[in-house]
Amino acid sequence: LTRIAAHTDARLATLLNYETPPAITARVRLADGGRPVSAEGMFVTGPLIARNVPLDATRGRVAWAGGRIEVTDIELRTGASLAQGTYSMDWQTRDFRFLLTGRLQPGAINGWFRDWWPRFWGNFDFPGAPPEADVEVAGRWGWPWLTRVFVQAKAGPSVIRGVSMDKIQTRLFIRPGHFDGLEFLAEQGPHAARGRFTYSHNLTARAFRSLDFAVRTDLPPDEVAAIAGPRLATILEPYDFNSPPEVDARGRLTGATAPGGAGATVDLIVRSQGPMTFMEFPLENLGFRASIEGNRVSVESLTAGFAGGLVSGRGEVDGTGEDRRLGFDGNLIGAHLGESIRTLEEYSALRAGLPPPPQSRFQQRIAEGRLYMDLSADGPLKDPYNFKGMGNLQISGANLGEINMLGILSALLRPTLLNHSTLQLDTARANFTIEGNRVVFPEVKLTGPRAAIDARGHYRLDAKTVDFMTRVHPFEESRSLLSAALDTLLTPLSSVLEVHLTGSLANPNWAFAYGPTSLLRAIMGSDPGERGPAPAPAITPSPAGGEAE
């Protein structure tokens with residue numbers, strides 16, 4: 001080989017290094033003066049190093065004429081890899097082309113490429129048999145940036161960035177720093193991911209530039225995140241699914257070396273069946289469309305099951321770090337009241353690091369009630385007590401008289417001339433505004449077959465305390481003419497018997513808004529000699545025959 005290189009190209013001797021001389025059979029045609037015109041032959045070698053790639057054995061048929069080399073019947077062996085095919089090269093330009101089929105560990109030919117090749121294939125591991133591949137490698141020796149590779153490959157058990165797969169197959173178009181996944185399929189048991197991608201690497205800075213992708217998958221989200229990288233992992237982090245969701249995703253991720261710097265533009269469609277959590281809040285059967293652009297995440301057409309009801313709405317998260325904000329519009333239809341309360345109690349305990357509280361008989365007694373609510377709010381993502389918003393709610397089909405504070409109100413009224421033994425309330429309606437740590441209720445209406453209650457006040461979210469004024473209309477909801485007449489007659493007394501609720505929901509305090517000295521003034525009008533009503537002492541009776549809840 002050294003002698004041939006001395007008459008042809010001195011670089012030839014640096015391309016091949018043999019441990020033992022090859023077996024060569026050749027026929028050479030010489031022109032006048034002994035100048036070679038063409039040659040053909042066969043070669044068989046043992047171990048050698050071909051352009052920095054160690055091979056265990058090679059063989060092939062060689063034909064050289066007119067400045068071109070054609071090698072056919074190639075057989076290359078290294079470890080468990082076996083490739084067969086052809087090789088051609090222009091002796092003057094040094095342009096070359098391999099066509100190979102067989103089984104090949106991509107890392108076995110790292111020496112034929114710059115570091116971009118091993119960097120890409122370093123994300124893969126094939127612990128079983130090497131992948132079946134059909135490969136074209138073309139380029140120009142000495143000009144690595146002109147190299148291009150087409151690969152069609154199939155593999156059995158494989159590992160992608162630490163995630164085990166049963167089978168993968170793909171078609172790739174590879175250039176230095178660019179990897180076009182024209183199609184790929186990865187299967188893991190009953191789950192799979194399929195799609196396409198284009199990966200770009202900055203060769204100068206040796207850093208990630210961009211990733212364009214379109215993927216459909218039902219692989220577990222944590223494994224999708226492990227394969228796709230930390231950017232997608234951050235997006236999926238708030239979600240935890242009992243069974244993997246179906247995800248359609250397409251978009252573009254960019255690194256610091258890309259024009260415009262690091263960023264993300266992603267469109268998602270997510271559908272899941274069964275229980276899941278979002279930021280540890282329990283939901284089920286989640287579905288939504290989302291778009292991600294930079295730091296802004298917009299969610300549209302969201303639907304989810306909650307406590308036997310249906311949640312729907314939209315939302316947006318924007319900003320960075322501590323300045324991230326959440327805005328949303330949503331509604332809840334037909335959730336079971338008892339289950340809703342239970343879920344919220346367990347979620348609050350979880351966020352506070354406390355064990356879930358035991359279920360009370362109160363929750364069981366109102367369990368069949370249904371909750372409907374509309375809510376719009378905006379505020380800091382990490383500060384739930386600093387939101388602003390508004391909404392309305394309705395409760396139907398519940399025995400609201402079982403609520404502790406209403407039971408106490410019933411007990412307060414029992415010794416009065418109304419002698420109202422039970423507040424049979426089954427429906428509630430309210431409008432409210434969210435003002436940081438307070439939910440303000442300017443108007444609350446509770447009704448039942450025999451009575452109605454008007455209320456106004458606020459609830460402290462952080463302290464879980466209430467401050468409400470309530471007024472009872474004993475016969476307002478009755479349909480009889482007698483009841484309607486009594487309600488009209490007793491309207492002044494309803495004003496007199498207005499009650500002030502303070503304290504916590506678990507242990508409320510009630511007091512009549514009017515003391516004895518102001519009773520007549522409330523019924524007949526203001527007394528010029530009276531400067532104001534004397535405050536009445538707080539009364540905290542226990543509901544007769546009931547538990548303190």
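1. Two strands count as paired here if DSSP finds at least two bridges between them. Within this pair, L16 sits opposite A50 in β4. A quick word on the source: this is a predicted model, where local features need pLDDT of at least 70 and side-chain atom pairs count only at pLDDT 80 or more, while totals for chains, interfaces and linings use all residues. Residues are numbered from 1 along each chain as its sequence is written, and side-chain values use heavy atoms, with hydrogens and water left out.

2. The pair belongs to an open sheet of three strands, in the order β1-β4-β5, with antiparallel pairing. Why does one side of β1 and of β5 lack a neighbour in the sheet? β1 (16-18) and β5 (53-55) stand at the edges with a single partner strand each, so one side of each has no neighbour there. On average, neighbouring strands of this sheet are turned by 20° against each other, direction ignored. For such angles, axes are lines fitted to C-alpha atoms (for helices over the stretch in contact), and angles run from 0 to 180 degrees between N-to-C directions.

3. Now the whole chain. You'll find 10 helices and 34 strands in it; helices (H or I, at least four residues) and strands (E, at least two) are DSSP runs, numbered from the N terminus. Of the 549 residues, 39% are buried. Buried means under 20% relative accessible area, exposed means over 50%, and partly exposed is in between (1.4 Å probe, protein chains only). The chain exposes about 29500 Å², with carbon and sulfur atoms supplying 55% of it. Accessible areas come from the Shrake-Rupley method with a 1.4 Å probe, and for residues only the protein chains shown count as cover. Among contacts between residues at least 6 apart in sequence, 47% join residues at least 24 apart, where a contact means heavy atoms within 4.5 Å.

4. Have a look at β12, β15 and β16. Seven bridges join β12 to β15, and the two run antiparallel; F150 has F173 in β15 as its bridge partner. β15 is also joined to β16 by nine bridges, again antiparallel, and R175 stands opposite H178 in β16. β15 and β16 form a hairpin with two residues between them, and G177 in the turn has a positive phi of about 85°.

5. Which residues make a nonpolar surface patch of about 340 Å²? They are W143, W145 and L146. Patches are made of residues with over 30% relative accessible area and no salt bridge; like charges are joined within 9 Å and nonpolar side chains (Val, Leu, Ile, Met, Phe, Trp, Tyr) within 5 Å. W145 is in strand β12 (residues 143-155), and W145 is exposed, at 53% relative accessible area.

6. On to charges: the structure holds 22 salt bridges, each a side-chain nitrogen of Lys or Arg within 4 Å of a carboxyl oxygen of Asp or Glu. In one of them, E187 meets K167, with the closest N and O atoms 3.6 Å apart. E187 lies in strand β16 (residues 178-188) and K167 in strand β15 (residues 167-175), so the pair ties together parts 20 residues apart in sequence. E187 is partly exposed at 26% relative accessibility, and K167 is partly exposed at 37%.

7. Another salt bridge joins the side chains of R314 and E300 (3.4 Å, N to O). This pair links distant parts of the chain, with R314 in strand β25 (residues 309-318) and E300 in strand β24 (residues 296-306), 14 residues apart. R314 is partly exposed at 36%, and E300 is partly exposed at 33%. Elsewhere, R216, E246, D248 and R271 are linked in a network of salt bridges.

8. Last stop, a further run of strands. β25 and strand β26 (residues 325-336) run antiparallel and are joined by nine bridges, with I333 in β26 as the bridge partner of L310. They form a hairpin with six residues between them, and G319 in the turn has a positive phi of about 100°. β26 also pairs with strand β27 (residues 370-380) in the antiparallel sense over 10 bridges, and there L326 stands opposite G379 in β27.
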